[in-house]
Amino acid sequence: LLPQPPYTIVCVSPMSVYQVFESVAKKYDVMNDMMSLGIHRVWKDLLLWKMRPLPGTQLLDVAGGTGDIAFRFLNYVQSQHQSKQKRQLRAQQNLSWEEIAKKYQNEEDSLGGSRVVVCDINKEMLKVGKQKALAQGYRAGLAWVLGDAEELPFDDDKFDIYTIAFGIRNVTHIDQVIPVLGEVIAGDWKSYQYLVESIRRFPSQEEFKEMIEDAGFHKVTYESLTSGIVAIHSGFKL
Ligand code: SAM
């Protein structure tokens, strides 16, 4: 039983993923710290310890946002490569630590050929990431690419490791709190409401493992962290 015209049509369109991250980009890092009480830093460190990339590793970090995984990767490979090389140099060539330090002034050399490509669909997130890289002195072995995880702009088999951290879902169970924090800190309720919805819709850790297996990966395992708030899933393409 429709009322008499004229009608007013009200159209409510959901925010796109792009809009969400565009609007939170500048406050993304501070929000991450607030929402996880800083624990996301530990989770990301654990990811690197689990990954244990060797010097020379080519990493593709999809949905890499502001570069948290990429910077950890560069730190990790640099420290691994340098300490091993330095020990070898000192033992084989009897060089002093000063001479060894000079050899490693070139940033490229200190990475042992490792490289990370951060790929993200949102140019605002990448912009914040690039600014962070400049401010923190990361230059070599790092590239930023605007691209969609569902249509990656790379040739097959160009990378050794693929990561996607909080790109498929977001953290935490506290689904009533997050939008409030979003409003208070970022002045943006809708974006954080969207993020909460995306968490709610995410499969369980076991279901996600099966999805990775169904996609053809082998030796799929996961480690549940912080009472199951997050998990690190991994698998191998053989
Ligand atoms: N990985 C970073 C981290 O752990 O801090 C950022 C995670 S942030 C929650 C999610 C990121 O996924 C955002 O930067 C967003 O722009 C990106 N993103 C969303 N959909 C994407 C897609 N289809 N392809 C690539 N990136 C996407």
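Here is a short walk through this predicted model, from its sheet to its ligand.

Let us begin with the sheet. Four strands make it up, and it is an open one: reading across, the order is β3-β2-β1-β4, with parallel pairing. At the edges stand β3 (142–146) and β4 (161–164); each has a single partner strand, so one side of each is left without a neighbour in the sheet. If you compare neighbouring strands, they are turned by 20 degrees against each other on average, direction ignored.

Now look at how β4 is held in place within this arrangement. Strand β1, residues 58–62, runs parallel to β4 and is joined to it by 4 bridges. To find a spot to start from, pick V62: its bridge partner in β4 is I164.

Another helix to visit is α3, which covers residues 39–51. Its 13 residues reach 19 Å from the first C-alpha to the last, close to the 18 Å expected at 1.5 Å a residue. Just after α3 comes R52, which takes a positive phi of about 40 degrees.

Finally, turn to the ligand. It is surrounded by 19 residues, and the closest are A63, G65, I121, N122 and A149. Two elements give two or more residues to this shell: α1 (17–24) and α4 (68–93). Sorted by class, the shell has 10 nonpolar, 5 polar and 4 charged residues.

Methods
Residues numbered from 1 in each chain as written. Predicted model: local features only at pLDDT ≥ 70, side-chain atom pairs only at ≥ 80, totals over all residues. Near = placed C-beta within 6 Å. Nonpolar A, V, L, I, M, F, W, Y, C, P; charged D, E, K, R; others polar. Pairing = 2+ DSSP bridges. Axes fitted to C-alpha atoms, helices over the stretch in contact; angles between N-to-C directions. Expected span 1.5 Å × (residues − 1).
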